[in-house]
Amino acid sequence: METYTRKQVAEMLKVTQAYLASKKMRDVLPFYKDPTNGFITYEKKIVDDYIEAKIEAVKARYFS
């Protein structure tokens, strides 16, 4: 399974890491927390699908 770090996802979405940790985003983008070190990762496919859906929504709204 390929993953992104919280920092990578925050940079891709142009949001802060704190925003990703907020309740609103936890419901949208599930994450995995490593029980041994507490490191947060996001599954690449889920993040990529989320970004693609956002792009499609913008295209539908402004270019249809």
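Asp27 is exposed, with a relative accessible area of 57%. Here, exposed means over 50% relative accessible area, buried means under 20%, and partly exposed lies in between (1.4 Å probe, protein chains only). This is a predicted model, where local features need pLDDT of at least 70, side-chain atom pairs count only at pLDDT 80 or more, and totals for chains, interfaces and linings use all residues. Residues are numbered from 1 along each chain as its sequence is written, and side-chain values use heavy atoms, with hydrogens and water left out.

**Salt bridges**

- A search of the whole structure finds four salt bridges. The term means a side-chain nitrogen of Lys or Arg within 4 Å of a carboxyl oxygen of Asp or Glu.
- Side chains of opposite charge can pair when their charged atoms come close.
- Asp27 is in one of these pairs: its side chain meets that of Lys23, at 3.4 Å from N to O.
- Asp27 and Lys23 are four residues apart in helix α3 (residues 23–28), so about one helical turn separates them. Lys23 is exposed too, at 54%.
- Asp49 forms a salt bridge with Lys45, and their closest N and O atoms are 2.8 Å apart. These two are four residues apart in helix α4, so they are separated by about one helical turn.
- Asp49 is partly exposed at 40% relative accessibility, whereas Lys45 is exposed at 54%.
- Glu56 forms a salt bridge with Lys59, with 3.8 Å between the closest N and O atoms. Both sit in helix α4, three residues apart, so about one helical turn lies between them.
- Glu56 is partly exposed at 38%. Lys59 is partly exposed at 43%.

**The sheet**

- Three strands form an open sheet in the order β1-β3-β2, with antiparallel pairing. The edge strands are β1 (3–5) and β2 (32–33), and each pairs on one side only.
- Strands (E, at least two residues) and helices (H or I, at least four) are DSSP runs, numbered from the N terminus. Two strands pair if DSSP finds at least two bridges between them.
- Two bridges join β2 to β3 (residues 40–43), and these strands run antiparallel.
- Tyr32 stands opposite Thr41 in β3.
- Thr41 is buried, with a relative accessible area of 12%. Leaving aside neighbours within four places in sequence, Thr41 is in contact (heavy atoms within 4.5 Å) with Thr3, Tyr4, Phe31 and Tyr32.

**Helices across the sheet**

- Helix α1 lies across β1 and β3, running at about 85 degrees to β1.
- Helix α4 also lies across β1 and β3, running at about 65 degrees to β3.
- Axes are lines fitted to C-alpha atoms, for helices over the stretch in contact, and angles run from 0 to 180 degrees between N-to-C directions.
- Gln8 is found in α1 (residues 6–13) and is partly exposed at 36% relative accessibility.
- Gln8 and Glu52 are 44 residues apart along the chain, and their C-alpha atoms are separated by 16 Å.

**After helix α4**

- Ser64 lies in the segment after α4 (44–62). Ser64 is exposed, with a relative accessible area of 80%.
- Ser64 and Met1 are 63 residues apart in sequence and 36 Å apart in space, C-alpha to C-alpha.
- Phe63 is also in the segment after α4 and is exposed at 69% relative accessibility.
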